[in-house]
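Dear colleague,

Here is the structure I promised to hand over, with my notes below it. Please read them with the sequence and the coordinates open beside you.

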Amino acid sequence: MSRITMQSASSTQNMVVAAQTAHFDTPLTLKSGAVLDSYDLVYETYGTLNADASNAILVCHALSGNHHVAGVYEASDKKPGWWDNMVGAGKPIDTDRFFVIGLNNLGGCHGSTGPKSINPATGHAYGAAFPLVTVEDWVASQARLADKLGIRQFAAIMGGSLGGMQVLHWSIAYPERVRHCLVIASAPKLTAQNIAFNDVARQAILTDPDFHGGDYYQHDTYPRRGLRLARMLGHITYLSDDVMGSKFGRILRQGGFNYGYDVDFEIESYLRYQGDKFADSFDANTYLLMTKALDYFDPTHTAPEAGLSAALAPAQAAFLVISFTTDWRFAPERSREIVKALLDNGQQVSYAEIVSKHGHDAFLMPDAHYHALVRAYMERVSG
Amino acid sequence: MIRQDFKTIADWVPVRAKVLDLGCGDGKLLKHLQDTKQAHAYGVELSDANVLACVQNGVNVIQRDLEAGLSEFANDSFDYVVLSQTLQAMHHTEAILREMLRVAHAGIVTFPNFGYWKNRLQVIRGHMPVSTDIPYQWYDTPNVHLCTMHDFEALCAKLDIRICERVVMTAGKRVHFMQNLAGSLAVYRFERN
C-alpha cells in the first residue's frame with residue numbers, strides 16, 4: 001500500500017504539480033455485481049488541507065478528462081491541466097484557500113486502474129475483461145480516496161457534464177459528506193438523442209477490425225479509426241452550430257474544391273485533427289466505458305414514478321447549477337430539471353444560465369461572468 | 001440602507017416563512033428576510049448582473065424570465081410570493097398575479113402609485129412623470145404597465161384576489177389619508193379568495 005502524502009502546490013502563476021497514486025486493497029463491489037479486488041486511483045492535489053480538513057474540494061472529470069485539473073508538471077510545460085482557468089491561486093476555485101483534488105476515475109486510461117491496466121489474476125491487460133463501471137461506482141471509489149486523505153466532508157464537489165452527474169450522486173449517496181455541489185452543464189440523465197450519439201460513437205469503435213473484442217492490446221493493434229470517428233462525432237455535438245459557423249463557416253483549406261475526398265473545408269481539417277489527437281492519447285476501451293456510464297446514470301432508475309425530486313430528497317448540500325445557452329448536448333432545460341427537483345424539496349439552490357456561443361464546451365472556457373459567479377459562490381462555500 | 005418597502009414586507013412575513021421574491025434584483029430583500037426572519041427564501045431574476053449580485057449577497061437565486069411563468073415552482077410551495085417594484089415592468093400582468101397565488105396562498109406586491117399627486121401634476125403640465133419612484137424618462141423605461149392604486153385594486157377584484165392589507169408611503173413615511181393622491185409607493189398584501 002503506497003503512502004499518501006499531502007503535497008501543497010506553490011501559489012505561483014504556473015503551479016507545478018505532481019500526480020500521486022493511491023492503492024486500494026479492499027474489494028469494491030460494482031453496481032454491475034462485478035468485484036474489483038484491488039485498484040489504483042491516480043490523483044493530484046492543489047493547495048493545502050487545513051487543520052480540520054474542512055476546505056477540501058473534489059473536482060469530478062467528464063468523459064475524456066483526468067486527474068490533471070490544473071498546473072503543469074514542469075515549469076516548461078506549455079499545456080496546463082484541463083480546468084486550469086478555473087482552479088489555481090487567485091482563480092475562481094482559489095487554491096490559496098481550498099485544498100482541491102482531481103482524480104482519474106476507475107476505468108480511466110491515465111493511470112487509474114482501467115482496461116489497459118494489467119489484471120493481476122492473468123498477468124495481461126484487462127481489455128474486455130474490465131468490468132463496466134458506473135457513476136455510482138466512481139463516487140464510491142472517490143469516497144474511499146477521501147477517507148485515505150482524511151476528508152470526512154467536502155466543502156464542495158464540482159464537475160461539468162458527466163462530472164456533474166458524479167456530483168449529483170455524491171449528494172444522494174453521501175449527503176453528510178458534501179456541503180456544496182456545483183453542477184455545471186450537466187443533466188439528471190441522458191435523453192434518447194444523447195444515448196444515440198454515444199452508441200454511434202461506440203459502434204465506430206466496436207466495428208473497427210482492430211478492436212478484437214476489446215483485447216487489442218494482446219493483438220498489438222489499436223482501434224484507432226474507430227476512436228477517431230467517435231471523437232469527431234463527439235466534437236460536433238460539443239460545439240454549437242453558431243460557433244462552428246463563425247469559426248469555420250465554409251472556408252476552404254486550399255481556396256478551391258479538390259473534387260475528391262481529402263480535406264476541402266476547414267471544418268473537416270479541424271475535426272480530423274481533433275480525432276487524430278484524441279486517438280493518439282486516449283484508450284478506446286475507456287471511451288466505451290465512459291460513454292456507457294453516461295448512458296446508465298439515472299437517479300430515478302429504481303423508482304421512475306417517484307421522479308427526480310424523490311431521488312434528490314436525501315441531499316443536504318446547497319447547490320449551484322449552471323448551464324450555457326447554446327449547449328444542446330446538455331441543454332439548459334436539463335439543468336432546470338435538476339433545479340425544479342431541488343425546489344420541490346425546498347433544498348438550497350441557485351441557478352444561472354450563462355449566455356455563451358460555445359455550446360457544451362463553454363463550461364471549460366474562461367468566460368468572465370461564469371467565473372465571477374463561481375468565485376462569488378465560493379465565498380459562500382468558505383464562509 | 002433598507003429600501004422603504006422592504007421593512008413593511010419584512011413586518012408581514014412570519015418567522016421562518018418560505019418566501020419567493022420575483023424580480024429580486026440584487027437580493028437585498030431576500031438577505032434582509034434571511035437575516036431578520038430566518039426566512040427560507042429564493043429569488044427569481046433575469047439579469048446576469050443581478051444574479052451575480054444575489055450570489056455575492058449569499059441568497060438563493062434562480063435565473064429565469066418571469067414573463068415565461070413560474071413552472072419550476074410547485075403549487076402552494078411557498079408561504080409568501082413577493083413582487084416588489086416589478087409589476088409595472090411586466091408584460092403579462094394578470095398571468096404573473098395568477099402564478100403568484102398558484103405557488104403561494106399569499107402575495108405581496110409593491111409598485112409606484114401613478115395616482116400620486118406629483119405624478120398627476122406632471123401629466124397636467126403636459127409631461128410624463130419622472131420621480132423618485134418612477135425615475136425613468138418615457139423613452140428609456142422598463143415600465144410598461146404603470147397603474148394607480150384604484151387600478152390595481154380593480155384588477156384584484158377582477159382576478160378574485162382578496163386584499164388583506166395596504167401600506168402607502170411617500171418618501172419613506174406612512175400616508176393614511178387620501179392615499180391614492182398622497183402616496184407615491186403602494187405595498188399590498190393579498191390572498192386567494
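B:Phe6 is found in helix α1 of chain B, residues 4–12, where helices (H or I, at least four residues) and strands (E, at least two) are DSSP runs numbered from the N terminus. With a relative accessibility of 7%, B:Phe6 counts as buried, a word that here means under 20% relative accessible area, with exposed meaning over 50% and partly exposed in between (1.4 Å probe, protein chains only). Not counting residues up to four places away in sequence, B:Phe6 touches B:Lys28, B:Leu29, B:His32 and B:Ser84, contact being heavy atoms within 4.5 Å. The C-alpha atoms of B:Phe6 and B:Val19, which are 13 residues apart along the chain, are separated by 13 Å.

Before going further, please note that this is a predicted model, in which local features need pLDDT of at least 70 and side-chain atom pairs count only at pLDDT 80 or more, whereas totals for chains, interfaces and linings use all residues. Residues are numbered from 1 along each chain as its sequence is written, chains are lettered from A and ligands numbered from 1 in the order in which they are written, and side-chain values use heavy atoms, with hydrogens and water left out.

Turning to the interface, the contact takes 18 residues from chain B and 20 residues from chain A. The area buried between the two chains is about 1,700 Å², of which carbon and sulfur atoms give 56%; buried area is the accessible area (1.4 Å probe) that two parts lose on being put together, summed over both. On the side of chain B, the residues that lose the most area to chain A are B:Val55, B:Gln63 and B:Glu72, together 33% of what that side buries. B:Glu72 also meets A:Arg336 through their side chains in a salt bridge (3.8 Å, N to O), and the count between chain B and chain A is 1 salt bridge, defined as a side-chain nitrogen of Lys or Arg within 4 Å of a carboxyl oxygen of Asp or Glu. At least two residues each of the side of chain B that touches chain A come from β2 (40–45), α3 (48–56) and β3 (60–63) of chain B, and α3(B) gives the most, with 5 residues.

Leaving aside neighbours within four places in sequence, B:Leu22 is in contact with residues including B:Val44, B:Leu66, B:Ile96 and B:Met100.

A:Ala284 lies in helix α7 of chain A, residues 284–296, and is buried, with a relative accessible area of 0%. A:Ala284 and A:Arg224 are 60 residues apart in sequence and 7.9 Å apart in space, C-alpha to C-alpha. A:His67 lies in the loop between β5 (56–60) and β6 (87–88) of chain A, and at 6% relative accessibility A:His67 counts as buried. Leaving aside neighbours within four places in sequence, the contacts of A:His67 include A:Tyr43, A:Glu44, A:Asn104 and A:His110.

With best wishes
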